[in-house]
Amino acid sequence: MKKSFIQLHLSVLLAGFTGLFGKLITLNEVDIVWYRMFFTSMILLVFTGLPRVATRKMLQLAGCGALLGLHWMLFYGSIKASNVSIGVICFSLVGFFTAFIEPIVYHRRISWKEVLFSLITLCGLLFIFSFDAKYRYGIMIGVISSFVCALYATLNKRVSVGVKSRTVLFYQMAAGLVVVSVIIPFYLLVFPSNQPVLVIPEGGNLWWMLCHALFCTVGMYLLQIQALRGLSAFTVNLSYNLEPCYTILMAFVFFGEAREVNFSFYVGILLILASVLLQTWRAVNLQKQETRV
């Protein structure tokens, strides 16, 4: 479990850069997601080859890859429609949605402690950032993105059992790329774009896309998949509530998303840390109880 927690928090740290890349890359969110999955697939193909996996398992991984791609498009769409801070704050609702989705998928009762921890996090996020009415559209997209991500993380824990992490990620990226290519026209009908679509990245966009694929996709998701083998989907998703803290601080520094860091910011950070530490303590105690039994 200690190893799983280390892997988890390293992946969260890498995830903190995702929102920054979404801002640095000036392409449409559809292009960002397509190239992210394409470059990631190519990188993994070089290191893993073409691993064999049962057809049914590959279809399950493809379904998860499609959910991940849809989540990414909505996440970047939220950032483009508002700013980095709004996008990552909405992302933190993933823990709240997981508290309800995971019990349904795994046929267990809803843990009201998990719901409470999620609400503590939500309160912390509200302290950190005051929502502005002009960001309503970006917030709406971000909330949908969080729900899709919660569904992906919960199902991914189930379908990745018995498969190597690199194999899981490769087929999710490769098969997900195909599915995402199909759903892009429908996505654009629901969320029209003011930018050109299907643009070939070059210059700074190409460099940032490659870094994004290598560090914030291959590195981050390999660590996340490994962490899910030893931890619940809720614990993983709740810990990802630390991501906005990292991203917002970096956005203040690099993009001047100038909101003065005041007392309420520190209160929000402490609430988020409290919720993560409480769930970590709870997960460790549950593991000890299972070991004794």
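The model they belong to is predicted. Helix α4 covers residues 55–81, and helix α9 covers residues 165–190. Two packed helices are described by the angle between their axes and the distance between the axes. For α4 and α9, the axes come within 6 Å. The crossing angle is roughly 55°. Angles of 65 to 115 degrees would count as roughly perpendicular, and those under 35 degrees as roughly parallel. The pair is therefore oblique.

Turn now to the start of the chain. Helix α1 runs over residues 2–15, which makes 14 residues. From its first C-alpha to its last, α1 reaches 20 Å. That is close to the 20 Å expected at 1.5 Å a residue. Which residues of α1 are buried? They are S4, F5, Q7, L8, S11, V12 and A15. Look down the axis of α1: these buried residues fall within an arc of 160°, so they line one face of the helix. The face turned away from that buried side carries K2 and K3, which are exposed.

Next, find M209 in helix α10, which spans residues 204–228. Is M209 buried or exposed? Its relative accessibility is 0%, and buried means under 20%, so M209 counts as buried. What does M209 touch, leaving aside residues up to four places away in sequence? Its contacts are I25, I32, Y35, R36 and F39. Take F39 as one of these. M209 and F39 are 170 residues apart in sequence. In space, their C-alpha atoms are 8.0 Å apart.

Methods. Residues numbered from 1 in each chain as written. Predicted model: local features only at pLDDT ≥ 70, side-chain atom pairs only at ≥ 80, totals over all residues. Heavy atoms only, no water. Helix = DSSP H or I, 4+ residues; strand = E, 2+ residues; numbered from the N terminus. Expected span 1.5 Å × (residues − 1). Buried < 20%, exposed > 50% of the residue type's maximum accessible area, 1.4 Å probe, protein only. Arc of directions from axis to C-beta. Contact = heavy atoms within 4.5 Å. Axes fitted to C-alpha atoms, helices over the stretch in contact; angles between N-to-C directions. Parallel < 35°, antiparallel > 145°, perpendicular 65-115°, else oblique.
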